[in-house]
Amino acid sequence: MDRVRNDATASRPSVFPRRPWMMSLGAAAAGGEGNKGLKGIVAGGITGGIEICITFPTEFVKTQLQLDEKGGKRQYDGIVDCVKKTVRGHGVFGLYRGLSVLLYGSIPKSAVRFGAFEEFKKRSVDAKGNLTAGQRLLCGLGAGVAEAIFAVTPMETVKVKFINDQRSAKPQFKGFFHGVRTIIKNEGIRGTYQGLTATIMKQGSNQAIRFYVMETCKDWYRGGDSKKSVPKLVVGAFGAVAGAASVFGNTPIDVVKTRMQGLEASKYKNTMDCFTQIWKNEGPRAFYKGTIPRMSRVCLDVAITFMIYDSFMELFSKVWK
C-alpha cells in the first residue's frame, strides 16, 4: 500500500515549478558554489581595506604629479621633490592626506569588484571550472564597470578633490564628512560623479587587463586544473605582472580621469575636450605623468590584493559552506 502511495506521489505533478537556477544559486548548490559571489564581496572588502593602508603614499604622489600642469602653476620637479615638499609643508602624515576618503571607498570598491567577478565567472566557466580568453576579458570588464558605477567614481572624485584642495593657499575641507557636505552643497550629487565616463573606461580596461593576465597566468601554472592551489608568492608575482600590464595599458585614461575629477574640472567641457586640451597644451607625454609612482603602487597593490584575496577565499572555502 505504501509503495502504491509513493508511486502515485512520484508521478503526481508538483505544485511548485522547477527552479533550475537554485542548483547554482541556492543553498543546495554543490560545494558552496552558489556563495562564491557573496564570498567574493566579503573577501574583497577586507582585502581592499588592508591593501590601501599599505600603498596610499604612492597613490598620493601619483595624483599630485598628474594634477601638476606645465607653466607657471607647476609645483614639483618629480617624485622626490613632491615627497620632500609635502613632508616639509605638512609633515609625514601629509602623504596620507585623503586616506580616509580612499579607505571608505576601497572597501566597497574591492567588494564590488571581486563579488562581480566571481558572479560573472561562476556563470561563464566550463565543466572543468575554466574560462576562455574572451571570457576572462569580459568578466574582468564587467567587474571594472560595476565598481566604477557603484563605488569608484564618487569616492575617487572626493579623494582627488581632497588632494587638490591641499594645493590651494587656503584649504577649504576640514575633514572627510565636511568635505563631502561642502562638495554636495556646492555642486550637488553630480559633483561626486565627475569623470564617470573616464572612470568607467579606466576601471573597465584596468580590470579586464588585470583579471585576464591573472587568470591566464594561474591557468598556465595549474595546467588547466582549476582545483590546483597556486602558492601565495606565485600569486603575488602574477599580480605584479598583471598590475604592470594595466598601467601601460591605461595610464592615459587615468590622467584624463584625474583631471576631470579635480577642482578645476569645470574648464573642460567633457572627457574628450579634456583629452584634446591636454594633448594640445602639454603634449602626448603628459598622458604618462605619474607613471613611475603609479607603477610602483599598482604592482605592489595588485600583488598584495590578490595574495590577501586568495588567502581569504581559501579560508572561506573551508569554513563557509
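**Cavities, pocket and packing**

Modeller: Let's start inside: the lining of the largest cavity splits into 10 charged, seven polar and seven nonpolar residues. Keep in mind that this is a predicted model.

Biologist: How much space lies in that largest cavity?
Modeller: The search of the whole structure turns up two cavities of 30 Å³ or more. For the largest cavity, the space comes to about 280 Å³.

Biologist: Which of its 24 lining residues are the closest to the centre?
Modeller: Elements that give two or more residues to this lining are α3 (36–67), α5, α6, α8 and α11. Closest to the centre of the largest cavity are Lys109, Arg113, Arg210, Arg297 and Asp301.

Biologist: Now the second largest pocket: which helix gives the most to its lining?
Modeller: This pocket has about 380 Å³ of space. Among its 16 lining residues, Arg74, Arg285, Tyr288, Lys289 and Gly290 are the closest to its centre. By class the lining has seven nonpolar, six charged and three polar residues. The top contributor, with three residues, is helix α11 (residues 291–319).

Biologist: On to helix packing: how is α6 oriented relative to α9?
Modeller: The axes of helix α6 (residues 133–166) and helix α9 (residues 232–261) come within 8 Å and cross at roughly 70°. Angles from 65 to 115 degrees count as roughly perpendicular, so α6 relative to α9 is roughly perpendicular.

Biologist: Which residues in α9 meet α6?
Modeller: By class, this contact has four polar, three charged and one nonpolar residue. From α6 come Thr153, Glu156, Thr157, Val160 and Lys161, and they meet α9 at Lys257, Thr258 and Gln261.

Biologist: Last one, on aromatics: what kind of pair do phenylalanine 114 and phenylalanine 211 make?
Modeller: The count of aromatic pairs comes to 13. In this one, phenylalanine 114 sits in helix α5 (residues 99–124) and phenylalanine 211 in helix α8 (residues 196–222), 97 residues apart, so to speak distant parts of the chain get linked. The ring centres are 5.8 Å apart and the planes are at 80°, so the pair is edge-to-face.

Terms used:
Residues numbered from 1 in each chain as written. Predicted model: local features only at pLDDT ≥ 70, side-chain atom pairs only at ≥ 80, totals over all residues. Heavy atoms only, no water. 1 Å grid on protein atoms, 1.4 Å probe; cavity = no way out; pocket = protein on both sides within 12 Å on 5 of 7 lines; lining within 4 Å. Points joined across faces, edges and corners; volume = space filled by probe spheres on them. Helix = DSSP H or I, 4+ residues; strand = E, 2+ residues; numbered from the N terminus. Nonpolar A, V, L, I, M, F, W, Y, C, P; charged D, E, K, R; others polar. Axes fitted to C-alpha atoms, helices over the stretch in contact; angles between N-to-C directions. Parallel < 35°, antiparallel > 145°, perpendicular 65-115°, else oblique. Contact = heavy atoms within 4.5 Å. Phe/Tyr/Trp six-rings, centres within 6.5 Å; stacked < 30°, edge-to-face > 60°.
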